[in-house]
Amino acid sequence: MSYHRITRPLATVAGPLRNRLVCSPVSVNLADPSGAVNDEILHFYTSMARSGAGLVTIGATSVSPEGGSTEHGLKIGPPALDDGLRQLASAVKACGALVSLQVFHVGAQGNTAHSGQPVVGPSPYTCPDIGILAEELSLSAIARIEDEFAEAIVRALALGFDFVELHIAHGYLIHQFLSPFFNRRQDHYGGSPDNRLRFLCAIRDKAETRSPGCFRRVGARLSACDFIAGGLLPADMKAVVGVIEQASGGDGGAYYVVSAGIYETARLKYPAMRRGDYWRWAGYLAGLTSRPVVAQGGVRTLLQGEEILAAQPVALIGMAQALIADPDLLHKALAGDEGTTAVCIECGRCRYIKRSDLTFDCLLEPGYHPRVRDTAHHLAAPALLSN
Ligand SMILES: Cc1cc2nc3c(=O)[nH]c(=O)nc-3n(C[C@H](O)[C@H](O)[C@H](O)COP(=O)(O)O)c2cc1C
Ligand code: SF4
């Protein structure tokens, strides 16, 4: 089997990637309640870095006190969290990968029961799965969150992260401002496309004022399709890319990742992944930018990644569940040992957000969560593998 495309290094603005495999952002709900990095977080992300992937993305890290989606999500901002984040960046890099920090604010899809915080968004909205009415953000609160995003970008780069990935997908706050489905504001943050882009523009301008040139290291996860009337469509990615690249004059820079869906339409994501829609949307985006684009969503094997690189003009391949299920996937494939790879069976267990105890773990790779690690011998993973 030849893997010459996926194993090829890629020169980036932050230095060379050893290959084209990206560990997609996976938030694991294992941080301290303050949002600090701890041994569990280091254990998970270094296991992803030891997979051999060229780039490891740290999952959704909240820039604001009320921006998290769970009680144990990572946070950035308070200086007390800096040492842990610096250690995390350095630990991943010590394994030979570049490292990106995904930053987000949950916005109107928040859940007070999980985060202990009020739920806010561009406009009032109740996520059907959660049932909490989000309050409309005041102009002063919007300005405060723009500042928090800008500070987070500058801080993350100073702490040693190679890239920052803005989460502009999955119905989180920046996405909510862009999408007419969520954003019904009557002021200068709502209505026209320029107004809906204002929040993102302000984040860019405030970050660039603090640290000129920093936006060349800022990438983004974009939503190609929200699967809902009034939501975003593939063509909407063009304006977002224009805003991000304005700071760098379009002259090289961080990467983009293409995703889709919001909480309310989550069930429509998986059929779209299986159809290969995500990879085609990534190919479409690659035609709109000279920056590297990551195709992801449902990639289960290295061979599949190789085929997508051959079929689409994308630079990188992202995997989340395949690497959770078997962090040795790349090493095994390159050694001709694919037969021993534990292939994700899409059981959904790792999607802790759907579970009442919010415990992150994988059926095939028990031990990411300390509680499950202690009882790992009770899990019948080998038997399940043979199903
Ligand atoms: C446990 C878990 C946590 C995730 N956390 C994040 C996250 O923090 N940010 C994000 O953008 N996507 C997150 N995702 C989505 C993945 O990055 C990826 O887009 C999705 O799982 C589809 O890719 P895959 O088929 O390779 O898993 C998460 C997925 C899983 C399973
Ligand atoms: S828990 Fe299930 S869905 Fe998640 S990575 Fe493991 S096998 Fe795949």
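Strands β7 and β9 (133-136) pair in the parallel sense over two bridges. Two strands count as paired if DSSP finds at least two bridges between them. Strands themselves are DSSP runs of E with at least two residues, helices are runs of H or I with at least four, and both are numbered from the N terminus. Within this pair, Gly121 stands opposite Glu136 in β9.

This is a predicted model, in which local features need pLDDT of at least 70 and side-chain atom pairs count only at pLDDT 80 or more, while totals for chains, interfaces and linings use all residues. Residues are numbered from 1 along each chain as its sequence is written, and chains are lettered from A and ligands numbered from 1 in the order in which they are written.

Back to the sheet. Its three strands form an open sheet in the order β7-β9-β8, with mixed pairing. β7 (120-121) and β8 (125-126) each have a single partner strand and stand at the edges, so one side of each is left without a neighbour in the sheet. Strands of a sheet pair through backbone hydrogen bonds, either parallel or antiparallel.

Now turn to β14 (316-319). Two bridges join β13 (293-295) to β14, and the two run parallel. Ala295 has Ile317 as its bridge partner in β14. From β13 the chain crosses through helix α10 (302-311) to β14, in a right-handed β-α-β crossover. Right-handed means that, with the strands pointing away from the viewer, the path from the first strand over the helix to the second runs clockwise. β14 also pairs with β3, in the parallel sense over three bridges. Here Cys23 stands opposite Met319.

In a regular strand the side chains alternate between the two faces of the sheet. In β14, Leu316 and Gly318 point one way, and Ile317 and Met319 the other way. All of them are buried, with 20 or more other C-beta atoms, placed from the backbone, within 10 Å of their own.

Next, the domains. The assignment gives domain 1 (10-339) and domain 2 (345-387); such bounds come from an automatic or database domain assignment. Their centres, taken over C-alpha atoms, are separated by 25 Å. Ten residues of domain 1 are in contact with ten residues of domain 2, where contact means C-beta atoms, placed from the backbone, within 7 Å. On the side of domain 1 that touches domain 2, α1 (39-49) and α11 give two or more residues. α11 gives the most, with three. That side divides into five nonpolar, three polar and two charged residues. Ala, Val, Leu, Ile, Met, Phe, Trp, Tyr, Cys and Pro count as nonpolar, Asp, Glu, Lys and Arg as charged, and the others, Gly among them, as polar.

Two ligands remain. Of the 22 residues around ligand 1, Ser27, Gly59, Ala60, Ala320 and Gln321 come nearest. A residue is near if its C-beta atom, placed from the backbone, lies within 6 Å of the molecule or strand. β3 (21-26), β4 (55-62) and α11 (321-325) each supply at least two residues of this shell. β3 gives the most, with three residues. By class, the shell around ligand 1 has nine nonpolar, eleven polar and two charged residues. It draws at least three residues from each of domain 1 and domain 2.

What lies around ligand 2? Its shell has 13 residues, and Cys344, Cys347, Arg349, Cys350 and Cys362 come nearest. They divide into nine nonpolar, two polar and two charged residues across the shell. Both domains give residues to the shell around ligand 2, so ligand 2 lies between them.

How values were computed
Contact = placed C-beta atoms within 7 Å. Buried ≥ 20, exposed ≤ 12 C-beta atoms within 10 Å, placed from the backbone.
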